[in-house]
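Work through the exercises below with the sequence and the 3D structure at hand. Each task is followed by a solution in steps.

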Amino acid sequence: MRKFIHIDMDSFYASVEMRDNPALRNLPIAVGGDVKKRGVISTANYIARQYGVRSALPTAQALKLCPMLKVITPRYDVYKSISYQIRSIMLRYTHLIEFVSLDEAYLDVTDCTLYQGSATLIAQAIRHDINKELDLTASAGIAPVKFLAKIASDMNKPNGQFVIPPQSVDEFVHSLELAKIPGVGKVSAKKLADLGMIKCSDVLKYDLAKLIREFGKLGSVIYERSHGIDERTVNIDRERKSIGVERTLSEDIHSWNDCLSEMKKIYDELEARLSKVRSDLSILKQGVKIKFDDFQITTQEHIHSKLEKEDLIDLAQTVWNERRQDRGVRLVGMHVSLIGSQLAKQLRLPEI
Ligand code: TTP
Ligand code: MG
């Protein structure tokens, strides 16, 4: 039996902005892109959430829901450096940590001897340190399997924690809604509901083979989770697999020349971003992304071991010519895929 803690910062970007500017504390605020540039909301504070302002909502729509909303331009460098401070706090307790994003991590504290090995007390201590040292709040979930730790960290948000002890797993999972299982999105949840499955208990009567036929690999995940099973351990080597820059255009574009000038700007940004991250990273592929005015997204990438402007532009032009079909284009992007450090090690030639 293992013990996992999932830590998740509360309204992370928005909380950082309120911390650094206390005048914002009692106002509805959101961190996101400019309404004039068709930006979207990254996150909102809890006051703004009462108006329905949510992550991924277009800023224009958020302002309709909450006209006094204060929209703040993201300061990614600040969030990133705070994320490193959070990491160093967590590393005091265990090295078995999977950092999922800037504000979220799984810790395996099974063999941790601090606080007599109590995961509940360890989670409390980590949240206390974060609050005292960084003046930000975090929530935590504690459970014997990863997916339940994640679900639990949402149960007493903000600034709270929730424990699912081993003896309560069956009861908790029984009444758990399938839509809450990480990986089950809106479309799958709807399909499950159409098949008569809303809660995990509904899956118990369903045949595994049938689930796999309907949902592919996700079918076996749904089956396992519904039985409280999650064999995943923390993946301490988890790392970035790609770096990209994309931009929603202020107006749809229809000519290749307009696309070309956007792509050139994006290339410069991507180059700047790449130079800021690790210098030893190895590029495996590079590619482009285009979103059309009917919201269809198309991407194209190929093996290319370095970032190269002409090649990316050629790729973009091919996609433009072959897939646009007279549609307008509302978003363009470029990215590189990276070689994981494990693979890089294997690929490295032996030294002579
Ligand atoms: P979340 O943990 O999903 O959200 P949150 O921390 O803002 O709020 P909660 O209290 O519910 O945990 O995401 C962490 C950060 O990631 C968030 O502050 C902003 C960023 N983010 C986006 O930029 N776009 C998104 O669609 C989401 C979900 C998050
Ligand atoms: Mg969060």
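Helices here are DSSP runs of H or I with at least four residues, numbered from the N terminus. The model is a predicted one.

**Exercise 1.** Which residues form a nonpolar surface patch with Leu65?

Solution. The patch consists of Tyr51, Leu65 and Met68. Together they have about 290 Å² of accessible area.

**Exercise 2.** Describe the largest nonpolar core and the elements that supply it.

Solution. First, the members: the core has 29 residues, and those touching the most other members are Ile5, Ile7, Phe12, Leu107, Ile126 and Ile130. Second, the sources: strand 1 (4-9), helix 1 (12-20), helix 4 (76-90), strand 6 (104-108), helix 5 (119-134) and strand 7 (138-143) each give at least two residues. Helix 5 provides the largest share, 7 residues. A second, separate core has 28 residues, among them Cys259, Ile266, Val288 and Ala316.

**Exercise 3.** Which residues does Ile130 contact beyond its neighbours within four places in sequence?

Solution. The contacts of Ile130 are Ile7, Met9, Ile86, Ile89, Asp135, Leu136 and Ala138.

**Exercise 4.** How far is the C-alpha atom of Lys64 from that of Ile5?

Solution. The two residues are 59 apart along the chain, and their C-alpha atoms are separated by 38 Å.

Conventions:
Residues are numbered from 1 along each chain as its sequence is written. Chains are lettered from A and ligands numbered from 1 in the order in which they are written. This is a predicted model: local features need pLDDT of at least 70, side-chain atom pairs count only at pLDDT 80 or more; totals for chains, interfaces and linings use all residues. Side-chain values use heavy atoms; hydrogens and water are left out. A nonpolar core is a set of buried Ala, Val, Leu, Ile, Met, Phe, Trp, Tyr and Cys residues joined through side-chain atoms within 4.5 Å. Buried means under 20% relative accessible area, exposed over 50%, partly exposed in between (1.4 Å probe, protein chains only). Contact means heavy atoms within 4.5 Å. Patches are made of residues with over 30% relative accessible area and no salt bridge: like charges are joined within 9 Å, nonpolar side chains (Val, Leu, Ile, Met, Phe, Trp, Tyr) within 5 Å. Accessible areas come from the Shrake-Rupley method with a 1.4 Å probe; for residues, only the protein chains shown count as cover. A salt bridge is a side-chain nitrogen of Lys or Arg within 4 Å of a carboxyl oxygen of Asp or Glu.
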